[in-house]
Amino acid sequence: MNTEQFVPIRFKNKDKSQFSRILRKRVNQYFKEKGISKKGDFRMYLKTIILTLSFVIPYLALILIDIPTWVAFLLLVIIGLAYAGIGMAVMHDANHGAYSKNRKVNHFFGYAANFIGANRYNWKIQHNVLHHTYTNIHGMDEDIENGNLFRLSPYSELRWYHKFQHLYVWFLYSVNTLFWVTLKDFTQIAHIKHRGFAAKKNINFNTEVIILVISKLFYFGYMFVIPLIFTSYSFGAILLAFVFTHLISGIVLGITFQLAHVVEKTQYLNKQENQEIDRSWSIHEVCTTSDFAEKSKLLNWYLGGLNFQIVHHLFPSICHVHYKNLSVIVKKTAQEFDLPYNEYKTMGKAIHSHYRILKKFGKAGME
């Protein structure tokens, strides 16, 4: 994690082709002609109910019913998948202001992050500010900064063990949420203060620390204390269930977000070489982002439209239920302006590309 004082990078906005203006005009025209809102509709509320119940009902079953071990593990898989789904398809939209036209509704569902053990404040800084503004820029985008454990950029320092990262990185992805809810949020909120984000955003930092502590107590309370009080499971069994659930959610979230940017077709930049980016922000997002499995209705529903990441990065405040239709507009406009539209037909092909780029970055830079 970058601990230096935050200094923004400028995009020179040399969009002489007027790609941004024309694309935005076409997207606005789409919503005007359809007579619909850019925010979520009944589909978002229905999805929220389904994913929440998929988390809560198996949890209550484990607490209240004496069930066989194999059924318990099946329920834990469902909880892990629901955990990831809530993060991708509910919390994500809400914290981008895309869930609803009502800011209070977005605020409420944004705290789904805290409900599942993460932290809304930390996430909004890392994801909304750093990742969405400075996508794939080494030294700025914390989504490609992971200490020295693995190398997700050709500009990160190369260590000898990175040549094996295409083999071990999958385990690290799986423990991602486990690390996040136990340790990362506490260290990250301190780094956020050090880098001056609280002051820049006019946020009461002490209040955010209190919210962090209280929400962690709530999360670990229902994950550990309640099972210990109301079930016959030992602490070891509960701990095993906790870790297993996070292994499921971690691998889903880890792979999904990496497929959007760390693949062979996307571009990478270095902060030290690019204090100013010689292109508009929107063109930068198109070049550093990739889609996958656009025809899969199941993945589009479950992943919260994160398989349409190009649309999401260009229009993060638009709800993901519209991404599939908007992707047609974005793709057509990008082609007209001779810009790349990075995509993989299936999730499997995107994973294979991610595997290959991990192997490449584990050995060298851009050659």
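## Second largest pocket

The lining of the second largest pocket divides into 17 nonpolar, two polar and no charged residues. The structure described here is a predicted model. This pocket has a volume of about 380 Å³. Its lining consists of 19 residues, and those nearest the centre are Leu62, Leu76, Tyr233, Ala237 and Ala241.

## Largest pocket

The largest pocket has a volume of about 880 Å³. It is lined by 39 residues, with Gln126, Asn146, Asn176, Trp180 and Lys184 closest to its centre. Two or more lining residues come from each of α3 (69-95), α6 (120-133), α7 (165-174), α8 (176-194) and α11 (235-258).

The greatest contribution to the lining of the largest pocket is that of α8, at eight residues. Sorted by class, this lining holds 20 nonpolar, 14 polar and five charged residues.

## Packing against α11

The axes of α8 and α11 come within 6 Å and cross at roughly 115°. On the α8 side the contact involves Thr177, Leu178 and Val181, which meet Phe242, Val243, His246, Ser249, Gly250 and Leu253 of α11. By class, the residues of this contact are five nonpolar, four polar and no charged.

Helix α7 packs on α11 at an angle of about 120°, and the two axes are 6 Å apart. From α7 the contact uses Trp170, Tyr173 and Ser174, and from α11 it uses His246, Leu247, Gly250, Ile251, Gly254, Ile255 and Gln258. The residues of the contact of α7 with α11 comprise five nonpolar, five polar and no charged. His246 and Gly250 of α11 take part in the contact with α8 and in the contact with α7.

## His92 in α3

His92 belongs to helix α3. With a relative accessible area of 2%, below the 20% cut-off, His92 counts as buried. Leaving aside residues up to four places away in sequence, His92 touches Gly87, Trp123, His127, Leu306 and His312.

## Phe308 in the α13-α14 loop

Phe308 sits in the loop between α13 (297-302) and α14 (309-314). Its relative accessible area is 0%, so Phe308 is buried. When residues up to four places away in sequence are not counted, the contacts of Phe308 are Asp291, Glu294, Asn300, Tyr323, Lys324 and Ser327.

Phe308 and Arg10 are separated by 298 residues in sequence, and their C-alpha atoms are 26 Å apart in space.

## Cysteines

The structure holds zero disulfides. A disulfide is a covalent bond between the sulfur atoms of two cysteines. Cys287 has a relative accessible area of 5% and is therefore buried. Cys319 is also buried, because its relative accessibility is 0%.

Technical notes:
Residues numbered from 1 in each chain as written. Predicted model: local features only at pLDDT ≥ 70, side-chain atom pairs only at ≥ 80, totals over all residues. Heavy atoms only, no water. 1 Å grid on protein atoms, 1.4 Å probe; cavity = no way out; pocket = protein on both sides within 12 Å on 5 of 7 lines; lining within 4 Å. Points joined across faces, edges and corners; volume = space filled by probe spheres on them. Helix = DSSP H or I, 4+ residues; strand = E, 2+ residues; numbered from the N terminus. Nonpolar A, V, L, I, M, F, W, Y, C, P; charged D, E, K, R; others polar. Disulfide = S-S within 2.5 Å. Buried < 20%, exposed > 50% of the residue type's maximum accessible area, 1.4 Å probe, protein only. Contact = heavy atoms within 4.5 Å. Axes fitted to C-alpha atoms, helices over the stretch in contact; angles between N-to-C directions.
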